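Please open the model in your viewer and keep the selection tool at hand; the tour goes from one selection to the next.

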Amino acid sequence: MRHFVEVIIENKRSARDPEGETVYLQLISRRGFRSVVSVRSGKYFRFEVEAEDADAAVDMVKEICSKLRIYNPVIHDIEVRPYPQHGGHKVSRH
C-alpha cells in the first residue's frame, strides 16, 4: 500500500538561523507584522513509499534519511510523520 511521509528538517533551537532571522526582521521592520514572534527556516521533503502501514512507512523514511545523511544530527532536528492526505491544509502556490 502507498503511504506519504513528510520530513521537516530545521536547525536546532541552540543554533542560529540566519535565514529565519532575516525573514523575521523583514516581517517586523518592513511589513508591520508585529504579531509574528519568531521564524525558523528549514527543509521539507514528502516521500511516497510502498509499506505495509503508516508506521512502517515512517520507519522506512527515518532509515532513508539517516542512511542518506540528508540531515546532520549534530546541528539539525528532524521530524518524520505521516503526511495528512485527508483533512490537511493545502498551501497555495504563487
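Two strands pair if DSSP finds at least two bridges between them, and strands themselves are DSSP runs of E with at least two residues, numbered from the N terminus. This is a predicted model, in which local features need pLDDT of at least 70 and side-chain atom pairs count only at pLDDT 80 or more, while totals for chains, interfaces and linings use all residues. Residues are numbered from 1 along each chain as its sequence is written, and side-chain values use heavy atoms, with hydrogens and water left out.

Select residues 2-11, strand S1, which pairs with S3 in the antiparallel sense over seven bridges; at Asn 11, the bridge partner in S3 is His 76.

Next, select Glu 6, which has its place in strand S1. Glu 6 is buried, because its relative accessible area is 7% and buried means under 20% (exposed is over 50%, partly exposed in between, with a 1.4 Å probe and protein chains only). Its side chain makes polar contacts (pairs of N or O atoms within 3.5 Å; within protein, one must be able to donate a hydrogen and the other to accept it, and residues adjacent in sequence count only if both atoms are side-chain atoms) with the side chain of Tyr 44 at 2.7 Å and with that of Arg 81 at 2.5 Å.

Finally, select Phe 45, which counts as partly exposed at 31% relative accessibility.

Note on methods. Helices (H or I, at least four residues) and strands (E, at least two) are DSSP runs, numbered from the N terminus.
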